[in-house]
Every structure is written in C-alpha cells, then in structure tokens.
Amino acid sequence: MRMSDLIQKKRDGGVLDRREIRWMIEGYTAGTIPDYQMSAMCMAIFYQGMDIQETYELTMAMLDSGDRIDLSGISGVKADKHSTGGVGDKTSLLLCPMVACCGVKLAKLSGRGLGHTGGTIDKLESFPGFSTAIAEDAFIRQVNEVGFAIAGQTAQLCPADKKLYALRDVTATVASRPLIVSSILCKKLAAGADVIVLDVKTGSGAFMQREEDAFDLARTLTEVGRMAGRKVVAVVTDMDEPLGNAVGNALEVKEALAALRGEYRGDLLELCLTLGTQILREGGVASDDASAREMLERTISSGAALERFAAFVRAQGGDASAVYDPSLLPQAPVTAEAPAPAGGYVGRIHAEDVGLVSMHLGGGRAAKDDDIDLAVGVVLKKKVGDAVAAGESLGTVHARTEEAARRGADMLRACFEIVPEKVTRSPFIKGVVRGE
Ligand code: URA
C-alpha cells in the first residue's frame, strides 16, 4: 500500500476501507508515514468527509493504537462524561458526586490541558495534598468505595490521537466531523465506561459554531458509539457565554462547591442536571427524565453530594476542610471591578475573550510545562440578558498584582456587549441526541 494512493483516493471523494485505515494509522503512529503525508490526508478528509463506516474504522484503529483501561473490577454501571470544551467548564466537579450519590460509578481520567484555565486536575489541586497520581488498583478500589475517582492519565491511551491532534492543530484541520468524532471517541472507548455522555458545544466559542453542525456532530458521535457497543448520548449546549460565573481554577472550585451546597441555580447546574439525567437513564437507575432530575436534585438538597465530594477529596489525599470553608482555597491578593461603560442589557459575552483574561492573569497555560496560578481569574456578575446600570460592575478580576488587575478589568469590560433593548436568551440546552 502507498500513502500517496490513499491520499489521492480520499482527495477524489473515495471511501477508505478498514485495511487501508488501519495501515495508515499504524504507520503514522509508528512513524513510517510522515507528517506531511498525514497533513494532506487530514485536509482531504476535511473537504471530502468520511461516511459512518469509515469514521467507525478510524475510531477503532485509533483506539487500538494504545492501551485500554480495564474497569471490570468495578461493580455496577460505569459512566463517563466529556465536553468538547468550554470557558468556565467545571461540570465534572459537580456532576460526579451527584451521579455517584444516585448509584452510577464514574472512573474518570482527566488532563491538565492547555488553555484559559487548567484542566480538572489543576482545579482539584486547589485542595492541599490532593493527588491524581493513583495506581490502577487504588483507582478501582476508590470508585467501588466512594463512587467516583478522577485520575491523571498514566497508561498510554490512543497515542495515534495524541500525534494526530497535534498535527491537526497546526494544519487547520481540527474542525472536521470525522476527525473530531474519532479523536473524542477513541479516548472515551479506551477509558472503558459503559455509558458515555457528551456535552457538544455550539456557538461562537465552539468548534461547531452553527447549531446544525453541532447536531450533525452529536448524531455521528452517538452512532459511532453505538457501533462500538457503548451507550452514548450527546447533549448539544450553548457556548455563547462562559459556563457559570467563575473562570479560573480555585474560583471555579468555589463555584462548584456553592452549587453543591444548593446556593447556585444557573446554566452550570442546569447542564449537570441534564447530563446527569441522561447518565441515570442510560445507566438504568431512572426510568424517565422527571424521576432522574428529582433524584439528582435531592443529592444537593440533602447535602449528600457535598459530603460525597469531601469523601472524594480525602480519598485522593486532599485536605477537605475547604469543602466546608471555601475561604481556605487559594485566594488572589488583589481584586478589581470591571464597570459597565453604559447602561442597558448584556447582549453578548465573548467567552473566548473572558478565557484570555484568565490567561493574562496567569490562570491558564500556553505550553504544557507552564506554571499555573490557581488563585487568579474572573467572576462574572452579569450574564447575557441581565440589566446593567452605567458604572455597575460586570465582573470581578482576581489578580496577583495591581497592574495585572487593572489590565484584566479593562480586558473584561471589552468582553461584554451592552445593548439598549432587552435581550431574550436563546435556550441553553439545545437538544439531546441518543444513539438509536
Ligand atoms: N476534543 C478532542 O479530544 N478531539 C477533537 O478533535 C476535538 C475535541
């Protein structure tokens, strides 16, 4: 087989078969197919697409490029959740304890990640002593005992995806449906859960800016998941503004804790209730949406989810005092308000730009070994649709220095569009897609 022939076949709209896809992924992972040929293939796929069978074969070939996690030692239904990315996304911190209290286990692998804030692991390191470097047997034991665990990835999962994603990032081929589907699903399949719930973002800050593209992506994800023998549900959600109000590591933990105490009702909680409902239904512990929601709401009103979160922090070596007293979390020494330049209504908040404020303050990473400041970030006081008076604060910047705070506040102000007329927010949850 020759890679140039496969590139030509895809360039001209042909369909690659299982043997060709496997040969290509094995060769690329082993280094016998060079980046320049794989780049050309990614661009051909970007323009010509792949049918559902090709997308499935690509996913499975990428899955088989590395290890799989064996979750057979965990009793009951195992679920996993993935988001296609969002500014202020602290969903796992809230969703995992809620779902675990309802009897579905979550064995999550998480990353540090590049971007506006750290990944879930960085956020959790706001608790002194907390560690995600857990041996596999301790990980399994914890999931059985506490109901969930979040570990850093140690096994070599999907090395093909690691290489391919880095290549796509620099060849303008990230936003391709078959490439996104295979990339997300190979990792989720390798992580071993029976039920996989995906939060597919749409809107200005998402890969799929148009709603119909996000639904197409959701349908392909659920279909390929079904072909691979797993229950996959995708929830399409709006990403035209940050999720919740906090963007920044410890600030996001604080917001998640407020939600677990029942002191927050907004898009973040709505997302967790929607994702959790799908997990409970697919996991067979609730028969309809209404009873699933009620079970999940009860984990908060009873205090059970907060207790479960504290047990999780302790199980992973962390000091859980801050679960009950969030003032013990890392705090930035300086704060500054971002006043509205005019009165009116918040028409838009550019989510990506709010992320850049957090980056500017030191809350995110541009390169994988960069240090991260857990204390800094932004807390929005206004969301889309809210009325605002001239000079009223749009949000608070938490910074290391006066200078960073001043600049951060200017940047934050520029993220907001204030309009004179009342704004109606479009629904945050756009729809749920199940593999049929
Ligand atoms: N997330 C992934 O892991 N891969 C993609 O291609 C897009 C989002």
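User: Is the crossing of helix 2 and helix 3 left-handed or right-handed?

Analyst: First, the ground rules. This is a predicted model, where local features need pLDDT of at least 70, side-chain atom pairs count only at pLDDT 80 or more, and totals for chains, interfaces and linings use all residues. Residues are numbered from 1 along each chain as its sequence is written, and side-chain values use heavy atoms, with hydrogens and water left out. Now the general idea: a crossing is left-handed if the near helix is turned anticlockwise from the far one by less than a right angle, and right-handed if clockwise. Helix 2 and helix 3 cross left-handed. Helices (H or I, at least four residues) and strands (E, at least two) are DSSP runs, numbered from the N terminus.

User: At what angle do the axes of helix 2 and helix 3 cross?

Analyst: Axes are lines fitted to C-alpha atoms, for helices over the stretch in contact, and angles run from 0 to 180 degrees between N-to-C directions. Helix 2 spans residues 18-30 and helix 3 spans residues 35-48. Their axes come within 10 Å and cross at roughly 140 degrees. Helix 2 is therefore oblique to helix 3. The classes are these: under 35 degrees is roughly parallel, over 145 roughly antiparallel, 65 to 115 roughly perpendicular, and the rest oblique.

User: Which residues meet where helix 2 packs on helix 3?

Analyst: Contact means heavy atoms within 4.5 Å. Helix 2 brings Met24, Ile25 and Tyr28, and helix 3 brings Asp35, Met38 and Met41. By class, this contact has five nonpolar, no polar and one charged residues. In that scheme, Ala, Val, Leu, Ile, Met, Phe, Trp, Tyr, Cys and Pro are nonpolar, Asp, Glu, Lys and Arg are charged, and the others, Gly among them, are polar.

User: How do helix 9 and helix 10 pack?

Analyst: Read the angle, then the hand. Helix 9 (residues 177-190) and helix 10 (residues 211-227) pack at about 45 degrees, with axes 10 Å apart. So helix 9 is oblique to helix 10. Their crossing is right-handed. From helix 9, Arg177, Ile180, Val181, Ile184 and Leu185 take part. They meet Asp216, Leu217, Thr220, Leu221, Val224 and Gly225 of helix 10. The residues of this contact divide into seven nonpolar, two polar and two charged.

User: How many disulfides does the structure hold?

Analyst: A disulfide is a pair of cysteine sulfur atoms within 2.5 Å. The structure holds zero. Take Cys101: its sulfur is 6.6 Å from the closest cysteine sulfur, in Cys102, so that is too far for a bond. Cys186 is in no disulfide either, and its nearest cysteine sulfur, that of Cys158, is 3.4 Å away.

User: Are Cys186 and Cys158 buried or exposed?

Analyst: Buried means under 20% relative accessible area, exposed over 50%, and partly exposed in between (1.4 Å probe, protein chains only). Cys186 is buried at 0%. Cys158 is buried at 2%. Cys101 is partly exposed at 24%.

User: What is the phi of Cys158?

Analyst: Cys158 has a positive phi of about 50 degrees, yet is not a glycine. Cys158 sits in the loop between strand 3 (148-152) and helix 8. Ala172 is another non-glycine with a positive phi, about 55 degrees. Ala172 lies in the loop between helix 8 and helix 9 and is exposed, at 59% relative accessibility.

User: Which residues does Leu280 touch?

Analyst: Contacts here leave out residues up to four places away in sequence. Leu280 touches Val99, Cys102, Val104, Val285, Ala286, Ala292, Met295 and Leu296. Leu280 belongs to helix 12 (residues 267-282) and is buried, at 0% relative accessibility.

User: Where does His398 lie, and what is it in contact with?

Analyst: His398 is in strand 11 (residues 393-399). It is buried, with a relative accessible area of 16%. Beyond neighbours within four places in sequence, its contacts include Leu251, Ala332, Val334 and Leu361.

User: How far apart are Val423 and Arg348 in sequence and in space?

Analyst: Compare the two separations. They are 75 residues apart in sequence and 9.3 Å apart in space, C-alpha to C-alpha. Val423 lies in the loop between strand 12 (416-419) and strand 13 (429-434). For Asp169 and Leu71, 98 residues apart along the chain, the C-alpha separation is 31 Å.
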